[in-house]
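Welcome, and thanks for opening this report. Have a look at the model below, and then we will walk through a few of its features together.

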Amino acid sequence: MKYLSNPATARPAVDRRFSVAPMMDWTDRHCRFFLRQLSRHALLYTEMVTTGALINGDAERFLRHDETEYPLALQLGGSVPADLAACAKMAEDAGYDEVNLNVGCPSDRVQNNLIGACLMGHPALVADCVKAMRDAVEVDVTVKHRIGINGRDSYAELCDFVGQVREAGCRSFTVHARIAILEGLSPKENREVPPLRYDVAAKLKEDFPDLEIILNGGIKTLDECETHLEHFDGVMLGREAYHNPYLLAQVDARLFGNNEPVISRADALRRMRPYIQRHLDAGGSMHHITRHVLGLGQGFPGARRFRQLLSVDIHKTKDPLALLDQATSLLEGR
């Protein structure tokens with residue numbers, strides 16, 4: 001694990017055909033390191049990091065990552081062009097492949113700071129933010145957004161938003177195919193209650209054929225991914241990729257045409273052992289990492305025991321690596 005001050009020279013190419021969404025409290029550096037054991041090509045995103053956290057806080061902690069995580073994108077939350085430009089430059093210097101602007105989070109906590117989905121009501125400001133970031137860095141600057149917000153949810157308004165941001169130079173848009181309800185619904189409800197409108201996202205791709213349009217929202221299987229890729233440039237999975245991470249083991253073969261053997265569940269966890277050892281040696285807790293691998297244990301006899309070992313017993317043991325080995329043995333042949 002390290003904070004990279006210089007980008008690596010030999011880097012996997014960024015391909016947004018398949019990506020794992022930025023998810024608060026979930027897609028931290030340990031989660032991303034684990035997911036990378038399953039797929040070499042999936043584009044991974046950080047949790048959203050606010051400009052204030054980078055400028056006024058511990059930037060090294062927020063930007064820290066392992067070079068194994070590439071291809072890797074940093075998602076920023078903010079609405080002050082100069083601040084976003086400064087943070088985009090930090091991300092580029094730290095080795096990130098892409099900087100993404102969050103225009104989709106519906107939380108009232110971020111609305112109060114003009115961050116997230118509420119920015120869909122301010123397309124000119126988003127365009128100014130994108131231009132400032134693009135002027136500051138050479139890496140791609142992308143936007144993740146909803147198809148609308150309550151009070152501004154017509155297709156014409158969506159096209160106005162995308163059109164203005166396109167004029168600022170953004171060429172890649174990840175579209176969460178739901179509107180966001182900014183009052184009265186929790187962030188969790190905003191991922192479930194507003195209906196999915198894949199047809200609206202498809203219309204957007206039809207009307208903006210020059211743009212890269214990535215579909216996000218409600219996608220659960222690789223069969224669905226393959227179907228959506230007939231109409232979109234890429235797909236982004238969120239919660240399903242976290243709760244059922246082993247589906248990523250098939251991504252390289254099915255979506256990227258990679259012919260390498262598919263890694264087993266046991267081997268994926270076994271590869272985590274040296275990483276976990278380093279984390280323990282640095283004074284960290286194994287739970288910081290193993291909470292992200294619990295989804296490997298489902299659908300087979302012993303799966304419940306696997307999850308118990310790494311979520312309950314882990315807090316009682318004096319030999320966490322021995323417990324990890326025991327959990328790994330339960331995955332053999334699965």
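Is the crossing of H14 and H17 left-handed or right-handed? The crossing of H14 and H17 is right-handed. A crossing is called right-handed if the near helix is turned clockwise from the far one by less than a right angle, and left-handed if anticlockwise.

## Before we start

This is a predicted model, in which local features need pLDDT of at least 70 and side-chain atom pairs count only at pLDDT 80 or more, while totals for chains, interfaces and linings use all residues. Residues are numbered from 1 along each chain as its sequence is written, and side-chain values use heavy atoms, with hydrogens and water left out.

Helices (H or I, at least four residues) and strands (E, at least two) are DSSP runs, numbered from the N terminus.

## Two partners of helix H17

Two packed helices are described by the angle between their axes and the distance between the axes. Here, axes are lines fitted to C-alpha atoms, for helices over the stretch in contact, and angles run from 0 to 180 degrees between N-to-C directions. Helix H14 (residues 273-281) packs against H17 at an angle of about 160°, with the axes 11 Å apart. H14 is therefore roughly antiparallel to H17; angles over 145 degrees count as roughly antiparallel, under 35 as roughly parallel, 65 to 115 as roughly perpendicular and the rest as oblique. On the H14 side, Arg273, Ile276, Gln277 and Leu280 make the contact, and on the H17 side Pro320, Leu321, Leu324 and Asp325 do. Contact means heavy atoms within 4.5 Å. By class, five residues of this contact are nonpolar, one is polar and two are charged. In this scheme Ala, Val, Leu, Ile, Met, Phe, Trp, Tyr, Cys and Pro count as nonpolar, Asp, Glu, Lys and Arg as charged, and the others, Gly among them, as polar.

Now for the other partner. Helix H16 (residues 303-311) and helix H17 (residues 320-331) pack at about 165°, and their axes are 9 Å apart. That angle makes H16 roughly antiparallel to H17. The crossing of H16 and H17 is left-handed. Arg305, Phe306, Leu309 and Leu310 of H16 meet Leu323, Gln326, Ala327, Leu330 and Leu331 of H17. The contact of H16 with H17 has seven nonpolar residues, one polar and one charged.

## Helices H4 and H6

Helix H4 (residues 81-94) and helix H6 (residues 123-136) have axes that come within 8 Å and cross at roughly 35°. Their crossing is right-handed. Pro81, Leu84, Ala85, Ala88, Lys89 and Glu92 of H4 meet Leu125, Asp128, Cys129, Ala132, Met133 and Ala136 of H6. Nine residues of this contact are nonpolar, none polar and three charged.

## The nonpolar cores

In soluble globular proteins, nonpolar side chains tend to be buried together. A nonpolar core is a set of buried Ala, Val, Leu, Ile, Met, Phe, Trp, Tyr and Cys residues joined through side-chain atoms within 4.5 Å. The largest one has 99 residues, of which Phe18, Leu38, Val143 and Leu248 touch the most other members. Apart from it lies another core, of six residues, among them Ala21, Tyr45, Ala73 and Ile214.

Beyond four places in sequence, Leu248 touches Phe18, Val20, Leu35, Leu38, Ser39 and Ala241.

## The loop between H11 and H12

Pro245 sits in the loop between helix H11 (239-243) and helix H12 (251-256). Pro245 is buried, with a relative accessible area of 0%; buried means under 20%, exposed over 50% and partly exposed in between (1.4 Å probe, protein chains only). Leaving aside neighbours within four places in sequence, Pro245 contacts Phe34, Leu35, Leu38, Glu240, Gly295 and Leu296.

Leu247 is found in the loop between H11 and H12 too, and counts as buried at 10% relative accessibility. The C-alpha atoms of Leu247 and Leu38 are separated by 8.4 Å, although these residues are 209 residues apart along the chain.

Met23 lies in the loop between strand S1 (18-20) and helix H1 (29-38). Met23 counts as buried, at 1% relative accessibility. Asp25 lies in the loop between S1 and H1, but is exposed, with a relative accessible area of 53%. Phi of Asp25 is near 70°, a positive value in a residue other than glycine.

Finally, the peptide bond from Tyr70 to Pro71 is cis, with omega near 0°. Pro71 is placed in the loop between helix H3 (59-63) and strand S3 (72-77).
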